[in-house]
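Subject: Handing over the structure

Hi,

Here is the structure I promised to pass on to you. Please open it first, and then read my notes below alongside it.

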Amino acid sequence: MLPSTILQDFQRAIHQVAQDELVLERASTVNPWFTPGLIHTALEALDEWFQEPLPELEPVKQPLRVGIIMAGNLPLVGLHDLVMTRLAGHNAVVKPSSRDQVLVEAVIHALSKANRAQIEVVASLPGDIDALVAMGSDNTARYLAHDFQNVPRLVRQHRYSVGIWTGEEDREMARGMARDILLYHGMGCRSVSNLLVRAGADVALLQEALAAFPKEWMTEGWDRQVEWEGAIRGMGGTLLERYGLVWERNEQLVSVPVGVLNIVEVDSEEKKQELLAGEENRIQCVVGMEEAILPGQAQCPGLWDFADQVDTYRWLKQL
């Protein structure tokens with residue numbers, strides 16, 4: 001299949017799934033963290049992929065069997081690896097996450113027979129794959145390095161994103177930053193979980209935007225998570241603020257649990273750059289009114305935006 005045909009096929013399949021209310025309802029039932037609003041948001045973001053111009057692509061002449069281990073923290077978060085594998089001309093052996101299995105299998109089932117014939121869905125990866133692309137925790141990466149030590153591997157580990165708040169943002173930018181913090185319950189590597197705040201900056205607009213975030217997009221589990229994180233920090237005597245989630249103040253950028261926003265005050269551009277450089281290998285993206293990614297755009301990566309700054313397509317082509 002031509003790359004353009006493959007992309008059109010995925011677009012058609014996603015549209016079909018987006019209109020299947022039974023599938024969407026079942027996905028929310030299996031994983032209550034996938035509320036209907038979040039599923040529709042994810043599907044709309046995926047549709048933007050197909051509006052981008054397609055560069056000239058030349059698939060490999062000798063297809064390999066590429067194993068794909070998908071995460072399940074966001075709806076269809078693993079689909080990008082599948083699309084890239086097919087665009088590169090390889091066959092895919094897909095292991096969906098149990099948390100996102102309904103949506104992944106629905107999209108694959110909706111593909112054309114010619115495309116679907118090159119995709120195998122499995123409960124566990126077989127030992128005869130030629131390469132591996134995977135998402136997971138740092139522990140998962142260690143296991144995969146042992147289990148698949150004889151094949152090329154592209155394994156993404158835990159990362160987080162940082163927001164920059166200057167105090168000069170308007171309401172629209174505040175709403176965008178709140179979206180980057182709370183969308184998908186803050187579970188994505190592109191979710192802003194750390195906020196660098198310019199010393200003395202007014203955060204009232206951001207607090208207002210966080211409080212106004214659509215409650216129907218959040219599951220009951222989120223409320224319990226925020227209560228739990230607030231309680232255990234309160235037991236330790238930590239000074240906390242609550243604006244839709246727990247605000248925790250530190251002097252460094254740190255990886256925090258879901259439901260917590262780490263606030264770091266910076267008094268100079270030099271200090272900001274120092275903090276970012278110190279966590280360069282752990283930061284997925286930086287969001288701010290003066291950054292490459294503007295508030296509200298963190299959770300909308302394009303088809304040719306790659307996680308961990310690794311070009312998945314090029315990696316697959318060079319196998």
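Predicted model: local features only at pLDDT ≥ 70, side-chain atom pairs only at ≥ 80, totals over all residues.

Residues are numbered from 1 along each chain as its sequence is written, and side-chain values use heavy atoms, with hydrogens and water left out.

**The sheet and its helices**

Strand S1 (residues 65-69) pairs with S2 in the parallel sense, over five bridges. Two strands pair if DSSP finds at least two bridges between them; helices (H or I, at least four residues) and strands (E, at least two) are DSSP runs, numbered from the N terminus. The open sheet has five strands in the order S3-S2-S1-S4-S5, with parallel pairing. At its edges are strand S3 (119-121) and strand S5 (153-156), each pairing on one side only. On average, neighbouring strands of this sheet are turned by 15° against each other, direction ignored.

H4 packs on the sheet and touches S1, S2, S3, strand S4 (131-135) and S5. The direction of H4 makes about 165° with that of S2. Helix H7 (residues 138-147) lies across S1, S4 and S5, and runs at about 165° to S5. For these angles, axes are lines fitted to C-alpha atoms, for helices over the stretch in contact, and angles run from 0 to 180 degrees between N-to-C directions.

**His90**

Where does His90 lie? His90 is in the loop between helix H4 (79-87) and strand S2 (91-95). His90 is buried, with a relative accessible area of 1%; buried means under 20% relative accessible area, exposed over 50%, and partly exposed in between (1.4 Å probe, protein chains only). A polar atom of the His90 side chain is 3.0 Å from the backbone nitrogen of Leu64. Leaving aside neighbours within four places in sequence, the contacts of His90 (heavy atoms within 4.5 Å) include Val60, Gln62, Thr85 and Leu316.

**Nonpolar cores**

A nonpolar core is a set of buried Ala, Val, Leu, Ile, Met, Phe, Trp, Tyr and Cys residues joined through side-chain atoms within 4.5 Å. The largest one has 45 residues, of which Phe10, Leu79, Leu82 and Leu103 touch the most other members. Helix H5 (residues 101-110) gives the most to this core, with seven residues. Apart from it lies another core of 34 residues, among them Leu74, Ile181, Leu210 and Cys285. Not counting residues up to four places away in sequence, Leu103 touches residues including Val17, Phe34 and Leu76.

**Cysteines**

How many disulfides does a search of the whole structure find? The search finds zero, a disulfide being a pair of cysteine sulfur atoms within 2.5 Å. Cys285 is buried at 7% relative accessible area. The closest cysteine sulfur to that of Cys285 is in Cys189, and because the two are 7.4 Å apart, they are too far for a bond. Cys300 is partly exposed, at 33% relative accessibility. The sulfur of Cys300 is 11 Å from its closest cysteine sulfur, in Cys285, so this pair is too far for a bond as well.

**Ser193**

Finally, Ser193 sits in strand S7 (residues 192-198) and counts as buried at 11% relative accessibility. Among the residues that Ser193 touches, not counting those up to four places away in sequence, are Tyr160, Val256 and Asn262.

Enjoy looking around!

Terms used:
Polar contact = N/O pair within 3.5 Å; in protein donor to acceptor, adjacent residues only side chain to side chain.
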